[in-house]
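Hello,

Here is the structure for your files. Please look it over before reading my notes below.

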Amino acid sequence: MLMFAFGHGCHDDPLYPWIANTIRDGMVPEPARWPVRLEKKAITWLRHVLGDLPRRG
C-alpha cells in the first residue's frame, strides 16, 4: 500500500526518510514488527498532511 500511495522506491525516497528509517531501524529486534510500526507512522503522516482539509458532512 505504501508503494501505491508514495510510489515505487518509496523506501529510498529522500522525501520520506521515515519510511527507510523505520524499515532499517535496528531498535526493533523482530522484523515482523516493522510493518506494524510502518503502518502507525504512515497513519500519523497522513493525519498530519490531511489534517487541515475540510471534512465533508
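What follows is a short account of the findings.

The model is predicted, so to speak for its limits: local features need pLDDT of at least 70, side-chain atom pairs count only at pLDDT 80 or more, and totals for chains, interfaces and linings use all residues. Residues are numbered from 1 along each chain as its sequence is written, and side-chain values use heavy atoms, with hydrogens and water left out.

Fold first. The protein has three helices and zero strands (DSSP runs, numbered from the N terminus: helices are H or I, at least four residues; strands are E, at least two). The order from the N terminus is α-α-α.

Next, burial. Of 57 residues, 21% are buried (under 20% relative accessible area; exposed is over 50%, partly exposed in between; 1.4 Å probe, protein chains only). Helix α2 (residues 17-24) has Trp18, Ile19, Ala20 and Thr22 buried. Their cover includes α1 (2-6) and α3.

Contacts (heavy atoms within 4.5 Å) come next. Take those between residues at least 6 apart in sequence: 19% join residues at least 24 apart.

Last, the surface. The accessible area is about 5,000 Å² (Shrake-Rupley, 1.4 Å probe; for residues, only the protein chains shown count as cover). Carbon and sulfur atoms hold 61% of that area. Leu46 sits in helix α3 (residues 34-50). Leu46 counts as partly exposed because its relative accessibility is 37%.

Regards
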